[in-house]
Amino acid sequence: MTALTRFITFFLMTLLCACSAFQSKPMPPPTQQAQLIVYAQTGTLEKMGSISVNVRGSSDGADRAIQQKADAYGARYYTIMLKQEHALTNVWTSRAVLYR
């Protein structure tokens with residue numbers, strides 16, 4: 001085997017091993033609160049429905065309101081699909097999809 005062939009083999013083996021670090025399964029929630037996940041992690045989860053909130057203040061306030069509403073519905077996971085600020089009113093609208 002030449003040095004180039006060994007290097008290519010080593011590189012491909014390392015790349016394949018590294019791919020296992022990027023699994024898209026969500027971890028179980030550490031608490032009773034719903035956990036924010038990314039859309040790629042929703043493939044094996046059951047969709048419960050969707051929620052929306054309008055909050056005066058900041059984007060963090062909108063995130064907290066979504067979290068509280070997801071907890072109230074008994075969701076284990078949620079994905080935020082939209083978060084936007086209305087011009088000049090300082091009101092944030094946020095929409096999320098709930099999963100169990």
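Author: Strand β4 is mostly covered, with 8 of its 9 residues buried; buried denotes under 20% relative accessible area, exposed over 50%, and partly exposed the range in between, with a 1.4 Å probe and protein chains only. The model is a predicted one, in which local features need pLDDT of at least 70 and side-chain atom pairs count only at pLDDT 80 or more, whereas totals for chains, interfaces and linings use all residues. Residues are numbered from 1 along each chain as its sequence is written, and side-chain values use heavy atoms, with hydrogens and water left out.

Helices (H or I, at least four residues) and strands (E, at least two) are DSSP runs numbered from the N terminus, and two strands pair if DSSP finds at least two bridges between them. On one side, β2 and β4 are paired in the antiparallel sense over 9 bridges; within this pairing, Asn-54 has Thr-93 of β4 as its bridge partner. Strand β3 (residues 77-86) also runs antiparallel to β4, joined to it by 9 bridges, and here Val-97 of β4 stands opposite Thr-79. A hairpin is formed by β3 and β4, with 4 residues between them, and Leu-88 in the turn has a positive phi of about 70°.

The burial may be followed into the interior. A nonpolar core is a set of buried Ala, Val, Leu, Ile, Met, Phe, Trp, Tyr and Cys residues joined through side-chain atoms within 4.5 Å. The largest such core has 11 residues, including Val-53, Ala-65, Ile-66, Ala-96 and Leu-98. At least two residues of this core come from each of β2 (47-56), α2 (59-73) and β4 (91-99). A second, separate core of 5 residues includes Ile-37, Leu-45, Tyr-77 and Tyr-99. Beyond its neighbours within four places in sequence, Val-53 is in contact (heavy atoms within 4.5 Å) with residues including Ala-62, Ala-65, Trp-92, Thr-93 and Ser-94.

A salt bridge requires a side-chain nitrogen of Lys or Arg within 4 Å of a carboxyl oxygen of Asp or Glu, and the whole structure contains 2 of them. One joins the side chains of Glu-46 and Arg-100, at 3.5 Å from N to O. Glu-46 lies in the loop between β1 (35-36) and β2, and Arg-100 in the segment after β4, 54 residues apart. Glu-46 is partly exposed, with a relative accessible area of 47%, and Arg-100 is likewise partly exposed at 47%.
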